[in-house]
Amino acid sequence: MGCCVARGACAADRSALKEDPPLEPAGGDGAPGGEDPPLEPAGGDGAPGGEAGEQQPHMPVLQEVEYDTVEKYNQWQRLGGFELSSVLTSGAALLLDAEWMVQQAESSGILKPRQALPPAAFQSYSGVLAGTPACSTPVPKLHVVCVSHCWLQADHPDPRGHNLRILARALRLLDAHVYGPRPQRMGRWAVFMDLCCIHQNCRDSKGVPQQRTYQRLEGSDKFADGAIGRFDSENVLFKEALGSLGSFYSHPCTYVFMLTKFPEDYQTAAYTHSADTEQYFNRGWCYCESSWAVLTKPSDLTLNLGLSTGDEISYSKLVEVCSAERKPPVFPDAFEVELQRKAFTNGKDDRPRVAELYRDAFAQRLKYSQRLSFRNLQWDAEHMKQLVTALAASGGGPNLQLLDLCGNRAGDEGVALLVEALRAPGAFPKLRELNLRENQIGAAGAAHLAEAFRAPGAFPELCELNLSENQIGAAGAEKMARALQASGTLPKLEILLLDGNGIGNVGALHLKNVLLAPEAVPRLQRLTLRGNMIGKRTRIELKGCGLGRLPVRWSFRWQFDDSD
């Protein structure tokens, strides 16, 4: 968000973070109770209209879009779209049409404040719902992209279109990644960006919207040039929109694109500089938005576009480059300490407000999260310590079912910190899948895991454990095998993945003892051991004991390398 946009004191709606069940629309082809009525403007573009002296807020008439009412609406609800519905249907926030933004970028256009934009710039609420991916889409997400950015000038965040061009390129790559190359318009994507989506102080002395925003006179509530800024009715909606910021940026199913890099000519006369020229991560609101964005989102939903080289030819490559410096969730106390170092236009009021908004979002998001996927972020032991602190502060992940940390650098030290949190009394009671693939875990790390598995009542629901592509070796396999042989250890474990660990014949024979133990891991159905330098004779022994203990169909799920 722009550091130069005034922020109102409007607390986040905590109740909106609690999930409602999908609803069956009651009428026609719209939301519950029939189609939402169009947002009717009074006075055309939001200028004074209606009754004498009445100043109506900017509410453009938007084109309604037909969609499969029941399926789309229920999918919107399942993905948590209900958190955004209130602020969108009230008109406090409108979402931009992504294709319109791309066209503006390609024609060297400049974005304008919301009140100065044409209706074609926006998507209607029905259009946003129509863009919701089908239920059959693998790992569906809301097609809402939230933009976090600095204001490069006091009166405009991007007066030369630098950030718009970067954003347009990322939107094109995202669309091609999800839908493939296609000639039709990008109507499936909507964008939230403060300048264009919430009411700005852009009205002149006659109430006419201008292309830039007005600044308040120093020590006064008045604006320069006698400008009105916003109508009173727009101020009410503005405050409502501010209360929804956490829902947009911290939502686990929205995308967040962070525009963190200043233009190369920023320090030249091309820009009119205000008192606040701090970099992105040194600005208070930007720091808050970026911290919201990393609470629970998967790796491919939060991108720092400032890291882009401009040469990425796919969204997957863009994710690889632009998620490289992502940090774990920040514990609220640590967030508040760091916030004291950040710049605000109005720090006295905004700093405590931001701290409270972040604390509320942190508690709600991590408490209710069922899936946390932090893949390929190269987090080391120090990052794992920060993650563990955050998870513990959330109450021990009471609803967490999947923890995916594949592709990091936790190492033995990081695993020790992680299992200490996982085995805490009452922690993570619903965890079903734990993915530690490719984390540089050695024999010592395997020993830490084995010790945690033996703890009474630990991991009561764990069904799948992935330790592939580490270096636990024969010694680590022995530690794991001894833990798994104990009665009551991982009672619901069905899948154990140990590919590429250098286990060898000795380690494989230790695992054989797990299969021979009558009460060990009673539900185990699959064990993979590819790339472990296991000889032919050992493989025959393993297959033989597996046939006697497990379903015959599973005897073919032993997975080895033919070259072993």
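In what sense do strand 3 and strand 4 pair, and over how many bridges? The pairing is parallel, over three bridges. The legends below set this pair in its surroundings.

View 1. Residues are numbered from 1 along each chain as its sequence is written, and side-chain values use heavy atoms, with hydrogens and water left out. The pLDDT is the predictor's confidence in each residue, from 0 to 100. Among the elements, strand 5 (residues 255–259) has the highest mean pLDDT, 98. Helix 18 (residues 536–549) has the lowest, 71. Over residues 2–53 the pLDDT is below 50; this stretch has 126 contacts (heavy atoms within 4.5 Å) beyond near neighbours in sequence. Residues 550–558 are also below 50, and their stretch has 16 such contacts. Where pLDDT is low, the predicted coordinates should not be read in detail.

View 2. Helices (H or I, at least four residues) and strands (E, at least two) are DSSP runs, numbered from the N terminus. Two strands pair if DSSP finds at least two bridges between them. Strand 1 (residues 95–97) pairs with strand 4 in the antiparallel sense, over two bridges. Here leucine 96 stands opposite valine 191 of strand 4.

**View 3. Strand 3 pairs with strand 4 and with strand 5.** Strand 3 and strand 5 run parallel, over five bridges. Valine 145 has a bridge partner in strand 4, valine 191. In strand 5, the bridge partner of valine 145 is tyrosine 255. Cysteine 146 stands opposite valine 256 in strand 5. Six of the six residues of strand 3 are buried (under 20% relative accessible area, with exposed over 50% and partly exposed in between; 1.4 Å probe, protein chains only). Val144, Cys146 and Ser148 point one way, and Val145, Val147 and His149 the other way.

**View 4. Strand 5 is mostly covered.** Five of its five residues are buried. Tyr255, Phe257 and Leu259 point one way; Val256 and Met258 point the other way. Strand 5 pairs with strand 6 in the parallel sense over three bridges. Phenylalanine 257 stands opposite leucine 303 in strand 6.

**View 5. Tryptophan 189 and tyrosine 255 form an edge-to-face aromatic pair.** Rings of Phe, Tyr and Trp (its six-membered ring) pair if their centres lie within 6.5 Å; planes under 30 degrees apart count as stacked, over 60 as edge-to-face and the rest as tilted. The whole structure holds 13 aromatic pairs. In this one the centres are 5.6 Å apart, with 75° between the planes. Tryptophan 189 lies in the loop between helix 5 (162–179) and strand 4 (190–192) and tyrosine 255 in strand 5, so the pair ties together parts that are 66 residues apart in sequence. Tryptophan 189 and tyrosine 255 are buried.

**View 6. Other rings meet each other, or a charged side chain.** The rings of tyrosine 280 and phenylalanine 281 have centres 4.8 Å apart and planes at 85°, so this pair is edge-to-face. Tyrosine 280 is buried, at 1% relative accessible area, whereas phenylalanine 281 is partly exposed, at 37%. Phe192, Phe248, Tyr249 and Trp292 form one aromatic cluster. A charge sits over a ring if NZ of Lys or CZ of Arg is within 6 Å of the ring centre and within 35 degrees of the ring normal. Arginine 230 lies over the face of phenylalanine 238, at 3.7 Å from the ring centre. Lysine 342 lies over the face of tyrosine 287, at 4.7 Å from the ring centre.

Terms used
This is a predicted model: local features need pLDDT of at least 70, side-chain atom pairs count only at pLDDT 80 or more; totals for chains, interfaces and linings use all residues.
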